[in-house]
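Please examine the sequence and the structure below before reading further.

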Amino acid sequence: NYNGEADLLVALDTSSTSTVLIGCDLVSHLLPDGYAVETAELSMKLSDAGANSPVIGIWDSSQHNWTEDGATWTTYDGTNSWGTAGASGVERGSLVDTVAFGNGESTDDRIAWNVTQSVQSAMRENRSVDFIMDVTGSATGQTKYAMFYANNQAAADRAELTLVYMP
């Protein structure tokens, strides 16, 4: 747990991996009656464009009671264990979207994933939407990584969940 760090590292190499948890409490952002989410996008701003063309994936997380202060590689709240260390077990649901790096990304670019289905499900179920961000594929002997600004940065640099909703 690197709560309070300026950057969020997503990385994969032959000896380790770094995974990021992302959550948004949608219960406090209910839509007016008769409205539904048409599209939803999660975007994050790069603090370091990384190396070796990672493909960064966003998975649904079925673990909705993880805590920012308590989550570690082995526990989701400082006490209770993930299904598999690194949030890579039963809590890791469907792969929602991927972004392949290597197309000239640079520091301060905003990278976006389509998370519409996940947000629609969370809104219907009246719960938070939670994601696991990780590098897809297998290690190749080179460290594949990217770094994103964390939530303790200036508002313009923080992750954004953008919803478009219609009656």
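The following paragraphs describe the chain as a whole, then its helix, then its salt bridges.

This is a predicted model, in which local features need pLDDT of at least 70 and side-chain atom pairs count only at pLDDT 80 or more, whereas totals for chains, interfaces and linings use all residues. Residues are numbered from 1 along each chain as its sequence is written, and side-chain values use heavy atoms, with hydrogens and water left out.

The protein chain contains one helix and ten strands, helices (H or I, at least four residues) and strands (E, at least two) being DSSP runs numbered from the N terminus. Their order along the sequence is β-β-β-β-β-β-β-α-β-β-β. The radius of gyration of the protein chain is 16 Å, close to the 15 Å that the globule rule gives for 167 residues, so the chain is as compact as a globular protein of that length. This radius is taken over C-alpha atoms, and the globule rule is 2.2 Å times the number of residues to the power 0.38. Of the 167 residues, 37% count as buried; buried means under 20% relative accessible area, exposed over 50%, and partly exposed in between (1.4 Å probe, protein chains only).

Helix H1 covers residues 116-125, and its buried residues are Thr116, Ser118, Val119, Ser121, Ala122 and Met123. These buried residues pack against strands E4 (36-51), E5 (55-61), E6 (92-100), E7 (110-114), E8 (129-135) and E10 (160-166). Just after H1, Asn126 adopts a positive phi of about 55°.

The chain has four salt bridges, each defined as a side-chain nitrogen of Lys or Arg within 4 Å of a carboxyl oxygen of Asp or Glu. One of them joins Lys45 to Asp157, with the closest N and O atoms 2.9 Å apart. Lys45 lies in strand E4 and Asp157 in the loop between strand E9 (144-149) and E10, so the pair ties together parts that are 112 residues apart in sequence. Both Lys45 and Asp157 are buried.

Another salt bridge links Asp134 and Arg92, whose closest N and O atoms are 3.0 Å apart. Because Asp134 belongs to strand E8 and Arg92 to strand E6, the pair ties together parts that are 42 residues apart in sequence. Asp134 counts as buried at 8% relative accessibility, and Arg92 counts as buried at 18%.

Glu160 and Arg110 also meet in a salt bridge, at 3.8 Å from N to O. Glu160 is in strand E10 and Arg110 in strand E7, so parts that are 50 residues apart in sequence are tied together. Glu160 is partly exposed at 34% relative accessibility, and Arg110 is partly exposed at 31%.

Notes: Contact means heavy atoms within 4.5 Å.
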